[in-house]
Structure formats: structure tokens, C-alpha cells
Amino acid sequence: MTTRITIAKGDGIGPEIMDATLKIILAAGAQIEIDEIEVGEKVYLSGNTSGIAKSSWDIIRRNKVFLKAPITTPQGGGYKSLNVTTRKFLGLYANVRPCVSFAPYVRTKHPVMDVVIIRENEEDLYAGIEHQQTDEVVQCLKLISRPGCEKIVRYAFEYAKNYNRKKVTCFTKDNIMKQTDGLFHQVFNEIAAEYPEIENEHWIIDIGAAKLADTPEAFDVIVMPNLYGDVLSDVAAQIAGSVGLAGSANIGTSCAMFEAIHGSAPRRAGQNMANPSGLLHGAILMLKHIGQGKVAEKVHNAWLTTIEQGIHTYDIYEEGKSSKKVSTSDFAEAVIQNLGKMPQQLKPVAYGETKALNLPEVKRKQPAEKLLVGVDLFVHWPGTSADELAGIINQLNTSEYELTMITNRGIKVWPDGFEETFCTDHWRCRFKPNANHVFTQGDIIALMNKAISLNIDVIKTENLYHFNGVPAYSLGQGQ
Ligand code: NAD
């Protein structure tokens, strides 16, 4: 069956690597019809800060499968990254990056590496919600949701099940971020229990990243929140051989986008030099997704054969190792000549019939019992003595609630602070009710009104809750 897909040739080396990729997959028998749209630099510079026209969104949403070459995001000028916008608009929650080494044909310190990084793609710090709150402090909100965690973790386990992977590893920093990364880890444990046949483990991200960079063969599938996944998927691709060889799939419930992981390499544009392998790899992932696994297999094995023959573009060419330095179009031609051949040394792939992973809808949990138990007032105050600030803020106390703690950048500075602790102009003042008082939103308004009358500059408040009786907010460090 023919699948109608959308393509965008993008900027820089984009058009060259897209032409090479399409030529290869069509020669291999891909059953696709193509709608081409314009995205990227030209659209940005025509005054559209999103980099894409509305009519192009209509085509992407109708076809649901999008093969995108890299684009150049102009610096400054309020231009929004089209990659991030596309992932979020289309709900492409899973970013899948297989990172496999091609030893001994492409230089790598990790000859047996075969890791798939599954990165959450929609939330975390990439919500991009940032504010300057005081002269000295800016803030970026890290948003992690239970449905977001459930979708990506289940995707990782379904991926492992479907592709006969043995282990799923989770990376978080939940020893520090107990609420946000803690939720990701907790959901990982819950969902892992549903897949007893697949090994599971959790690593704190810092030592996990070190282990990945040093001993990638210890890992199989790794799932992680957005920012960690962004950084570590590039590391994994690079240590496998080159970022120029890796593709990625961005998967949503109804739409999917496939791309190379590298950018538009403008310095190499128009010279017929670039390696089309990253986008070709993206196209292979696309063919698997649209149920053309046999074609994907044929292309993948021909690509491996070409690499094995030492036919290399400049980025992976090495005297003594490579047999021929080729252009983008000659590399494509060599892959086409190799269609039907199997690599001799590199492990051939066998996909057979494939289909997109079909995940059950996330079931929303019953709302928990939520109890307001206090409030944090964040105050802009230019002084440096926490005791002096406590003297000011204590004026807001009533017989029903009072100031219990002040922190500065999370560290407790009152009561019993250390004079060595460096303080900025951004202070968190925690108010808790006494044992007999039921704290309400009205108390927060009263607190705010009194703060205004005392010229206390409250720059934001955060409500403190118990969910089902469990405190759901962080303590001050040192508390
Ligand atoms: P880049 O990945 O474009 O290039 C970095 C260097 O890697 C290049 O100078 C080149 O030497 C090499 N390289 C990359 N791809 C190659 C290939 N296929 N073959 C051979 N060599 C290759 O990164 P950059 O220079 O930081 O970014 C350039 C532009 O790309 C920026 O505007 C950036 O915003 C954009 N970008 C786009 C995407 C995307 O569309 N998905 C991703 C990353 C960066």
C-alpha cells in the first residue's frame, strides 16, 4: 500500500541529503507519494517567526508522516525553533535515537555499541516557561506530568518488547529533584512491573552518563526526561562514530516526524559533500513506522554494505581504513548499487513485517485528595541578612499562621542559617498554619494584602499541598 508522506528539504545541506535519501528509498521500492513543503530559513526571513506556513501544517497533519531535513534557525529576532514547535504541536512525545557503532569501518572507541535512547520530547525544562523575577534571579519551570511520564516509559518498554531488547534503563536525578524526576522514576518502576520479561534498572543521571560514555555496551534501551535525553543522545551518537550517521524518529499518537540528528551544516552547503546517512537512517525508521519493513531492511543492509566497502563521505573518510572518498550523490549511487546485498562483517538487520507501535491510551488517574497546608511567598529583597528579612516578614504572622522558614536558592537561611551562605535578592518565605487552623486560599490573599501594605515585594507564591496525605513540596536544603 502506498503511503502519502510530507517532506521538507530544509536549509544548508538539507536539499542535497534529502535528494540522496529519496533516490535511495525509491530505488529500493518504497511505496510512497510525496508532498513537499517549504520550512525553515526562507520562511523565517519572509517574516514568519514560526518558520512554517499554516497551509504546510495542514499538509503535515493530513499525511501524518513527515520526513524533515535539517533547518537553520536564524539567531535572535524572536525566531522559534521549528523542531521544538513541531514536536509539541503534533504531540510527538517520544524521540527515538538508535546509536550503533560501525566498527571497524568508522572509528569509535566502542566497537560493540548498540544503544537506543528514548527521550521524552514534550515537557521538562523544554516547556520554555521562563521569567526574570528579581534583579539577580531568573527562573525556568521544569514541568513533568504523570501522563507524560506514563506515555514515554510505556513507549520504551513496548519498543524493547517489539524489537527484542533485553533491558530498559531509566536515568533521572531524583536524589535532588524528588518531585519532578521522582515522578518519572516512580512511573518507571510502576510500568516496569508490567514487563517482567524485560530487565529494568535506574541510574542517577550523572554516574549513568559517565558509564554510558565509558561503557555503552552495558546499556540496551535508555529512557529519560527531555533535557538529559537531548544531551545524552548526541553523546551516544558521537561516541558510536559520528552524529552525521544517526537518525531519529519523533513519535506521537497520530503523527510522526523523522530526521537526521545533525543540523544544516551551512558551511558544507551546496558542495555535494555532506554525508546523507543521518537522514537516510531517519528514512529507514520512517519506512519501519509505515509498515514497509522489508524496504527498510533492504536499504539498511545496502547502507551497511556501502560503509563496509569503505565508500565514505569526507566526515568519516580515513586514509588506510576507507577505500574511496565520495560525494553525497556518489554515496547515494553506491548504496543503490548495493541494494539486495548483505554486509559481510557488520551485523545485517532483519525487520520483516513492521508496524507502528500501538500504545494504549493513557488512563487518567482518579483525582487525589488535595489539602492546602501552607504557602511559600517569594520575595524580592536586596538585603543580605536573613535575620533582618525575618524581622520584616514576621510582621505578616497572625495567630493562625506564621513564617516557619526562609530559604535562598533553596538553602535554608532562617532560622539557624550560616553566615557563610551566599544570598541573592530572591527569598522564599514559607508560611504554615498552627495545628488548629485550616489554611485557605483566603489566608494567602490576606497575606498578600498585608505584604503590599508593608511594601514587601512578593514576586510570586507557591501553594503547599498534601496529596492523599503525603507532603508534595520540597523541604529547604538543611531543613
Ligand atoms: P550542524 O550539525 O549543522 O553541524 C556541525 C558540523 O558537523 C558541521 O560543520 C559539519 O562539519 C558536521 N556535519 C553535520 N552534519 C553533517 C553531515 N551530514 N555530513 C558531514 N558533516 C556534517 O550543527 P551547527 O553548525 O551547530 O548548526 C547549524 C544549523 O543547524 C543551526 O542553524 C542550527 O539551529 C541548525 N540545527 C538544526 C537541526 C534540525 O533541523 N533538526 C538540528 C541541529 C541544529
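Colleague: Is Asp234 buried, partly exposed or exposed in this predicted model?

Modeller: Asp234 has a relative accessible area of 33%. Buried means under 20% and exposed means over 50%, with partly exposed in between, so Asp234 is partly exposed.

Colleague: Which residue does the side chain of Asp234 meet in a salt bridge?

Modeller: The general idea is that side chains of opposite charge can pair when their charged atoms come close. In this case, the side chains of Asp234 and Arg97 form a salt bridge, at 2.8 Å from N to O. Arg97 belongs to strand S4 (residues 94-100) and Asp234 to helix H8 (residues 226-240), so the pair ties together parts that are 137 residues apart in sequence. Arg97 counts as buried, at 6% relative accessibility.

Colleague: How many salt bridges does the count come to?

Modeller: The count comes to 26 salt bridges. One of them is formed by the side chains of Lys23 and Glu333, at 3.0 Å from N to O. This pair links distant parts of the chain, with Lys23 in helix H1 (residues 14-27) and Glu333 in helix H11 (residues 328-337), 310 residues apart. Lys23 is partly exposed, with a relative accessible area of 47%, and Glu333 is also partly exposed, at 30%.

Colleague: Are Asp181 and Lys142 buried or exposed?

Modeller: Both Asp181 and Lys142 are buried. Their side chains meet in a salt bridge of 2.8 Å, N to O. Asp181 lies in helix H6 (residues 180-192), while Lys142 lies in the loop between strand S7 (138-140) and helix H5 (146-162), so the pair ties together parts that are 39 residues apart in sequence.

Colleague: Which residues do salt bridges that share partners join into one network?

Modeller: The network consists of Arg4, Glu33, Asp35 and Arg62.

Colleague: Let us turn to the strands. What is the order of the strands in the open sheet of ten strands?

Modeller: In general, strands of a sheet pair through backbone hydrogen bonds, either parallel or antiparallel. Here the order is S2-S1-S3-S12-S11-S4-S5-S10-S8-S9, and the pairing is mixed. Strand S2 (32-37) and strand S9 (199-204) stand at the edges with a single partner strand each, so one side of each has no neighbour in the sheet. From one strand to the next, the twist averages 20°.

Colleague: In which sense do strands S8 and S10 pair, parallel or antiparallel?

Modeller: Strand S8 (residues 167-172) and strand S10 (residues 221-224) pair in the parallel sense, over three bridges. The bridge partner of Cys170 in S10 is Val223. Helix H9 (residues 277-289) packs on the sheet and touches several strands, including strand S1 (3-8) and strand S12 (256-260). The direction of H9 makes about 155° with that of S12.

Colleague: Why is strand S15 largely enclosed by the rest of the structure?

Modeller: Strand S15 covers residues 370-380, and nine of its eleven residues are buried, so the strand is largely enclosed by the rest of the structure.

Colleague: How many bridges join S15 to strand S19, and how many join S15 to strand S18?

Modeller: Nine bridges join S15 to S19 (residues 458-467), and these two strands run antiparallel. In S19, Val458 is the bridge partner of Val379. Six bridges join S15 to S18 (residues 426-433), again with the strands running antiparallel. Opposite Val375 stands Phe431 in S18.

How values were computed. Residues are numbered from 1 along each chain as its sequence is written. This is a predicted model: local features need pLDDT of at least 70, side-chain atom pairs count only at pLDDT 80 or more; totals for chains, interfaces and linings use all residues. Side-chain values use heavy atoms; hydrogens and water are left out. Buried means under 20% relative accessible area, exposed over 50%, partly exposed in between (1.4 Å probe, protein chains only). Helices (H or I, at least four residues) and strands (E, at least two) are DSSP runs, numbered from the N terminus. Two strands pair if DSSP finds at least two bridges between them. A salt bridge is a side-chain nitrogen of Lys or Arg within 4 Å of a carboxyl oxygen of Asp or Glu. Axes are lines fitted to C-alpha atoms, for helices over the stretch in contact, and angles run from 0 to 180 degrees between N-to-C directions. Contact means heavy atoms within 4.5 Å.
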